[in-house]
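My notes follow the model.

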Amino acid sequence: MSPTPPRVLSIAGSDSGGGAGIQADLNTCSALDCFGTTAITAITAQNTQGVRAVHALPAALVAQQIDAVAEDIGVDAVKIGMLHGPEVVRAVAGALRRHGLRRVVLDPVMVASSGDRLVTDETVAAMRSELFPLVMLVTPNLDEAAALLGRPIATVDAMQAAVPELRALGAQAVLIKGGHLVGDVLSDLLIDPEGSTLWQSQRIATRNTHGTGCTLSSAIACGLARGLALREAVAQGRDFVRGALQGAAGWRLGQGPGPLDHGWARHAH
């Protein structure tokens with residue numbers, strides 16, 4: 001008999017195309033031998049070419065989903081993705097406090113890959129005041145870090161210069177994802193209570209990058225659920241995403257940026 005798996009709760013939106021959001025999180029949990037549960041914040045009609053429609057669920061229903069899972073199955077770590085308004089931000093923060101959930105990874109979905117803002121300034125302010133002080137790690141990409149700080153961040157030097165301001169936002173740690181940097185080298189910067197860690201690796205040639213941020217944040221949450229220290233969880237999460245990008249590099253699912261290969265480790269064997 002196999003041991004009971006660690007439990008990871010994903011609080012995020014549903015992606016009908018299967019590449020991001022709740023679907024990517026559940027696939028990641030399964031691949032990393034964790035049991036995934038969900039609190040769906042919004043239902044989207046989308047594919048590899050874009051989002052056609054979004055239906056946000058009531059904040060009270062989101063909170064009820066979290067309560068139902070926490071009170072019965074239990075939660076070892078949490079990944080938070082798409083939060084569509086200040087009401088749901090406050091509802092999620094209240095649920096985290098109510099159930100004493102500490103191993104929390106927040107992927108602050110604020111800016112679309114097109115550069116369009118996805119949430120209002122009021123929602124961003126609610127995240128900063130209500131959620132950031134409760135979470136272990138926030139994982140903004142460069143556009144989201146820029147939105148949080150109110151100025152562009154376009155180089156590794158700018159990422160490092162932003163460390164004091166990002167720490168001041170209240171989260172225990174911040175991982176700035178450098179996927180949008182120009183050039184062949186990919187740089188990610190982790191800022192935690194012990195200092196900072198810079199990971200650099202060669203960019204993988206692929207058009208299939210849909211759900212990369214969701215996959216990384218949920219993979220880190222899986223590591224935390226298994227008891228890894230934060231830096232080790234981030235390192236293993238990055239390795240998992242790189243394998244998933246390489247595994248799907250030759251896929252042709254859809255006309256636009258396709259999903260990752262979450263099952264790449266099984267295929268490698």
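Predicted model: local features only at pLDDT ≥ 70, side-chain atom pairs only at ≥ 80, totals over all residues.

Arg 7 is partly exposed, at 26% relative accessible area. Its side chain forms a salt bridge with Asp 76, at 2.9 Å from N to O. I then placed both partners. Arg 7 belongs to strand E1 (residues 7-15), while Asp 76 sits in the loop between helix H2 (59-72) and strand E4 (77-80). The two are 69 residues apart.

Next I took Arg 98 and Asp 67. Their side chains meet in a salt bridge of 3.0 Å, N to O. Arg 98 is in helix H3 (residues 86-98) and Asp 67 in helix H2, so this pair ties together parts 31 residues apart in sequence. Arg 98 is partly exposed at 47%, whereas Asp 67 is buried at 16%.

I also checked Glu 165 with Arg 151. This salt bridge has an N to O distance of 2.1 Å. Glu 165 lies in helix H7 (residues 163-167). Arg 151 lies in the loop between helix H5 (142-149) and helix H6 (156-161), 14 residues apart from Glu 165. Both count as partly exposed: Glu 165 at 35%, Arg 151 at 28%. The structure holds eight salt bridges, these pairs among them.

Last, cysteines. I searched the whole structure and found zero disulfides. Cys 29 is in none; its nearest cysteine sulfur, in Cys 222, is 3.9 Å away. Cys 29 is buried at 2%, and Cys 222 is buried at 0%.

Conventions
Residues numbered from 1 in each chain as written. Heavy atoms only, no water. Disulfide = S-S within 2.5 Å. Buried < 20%, exposed > 50% of the residue type's maximum accessible area, 1.4 Å probe, protein only. Salt bridge = Lys/Arg side-chain N within 4 Å of Asp/Glu carboxyl O. Helix = DSSP H or I, 4+ residues; strand = E, 2+ residues; numbered from the N terminus.
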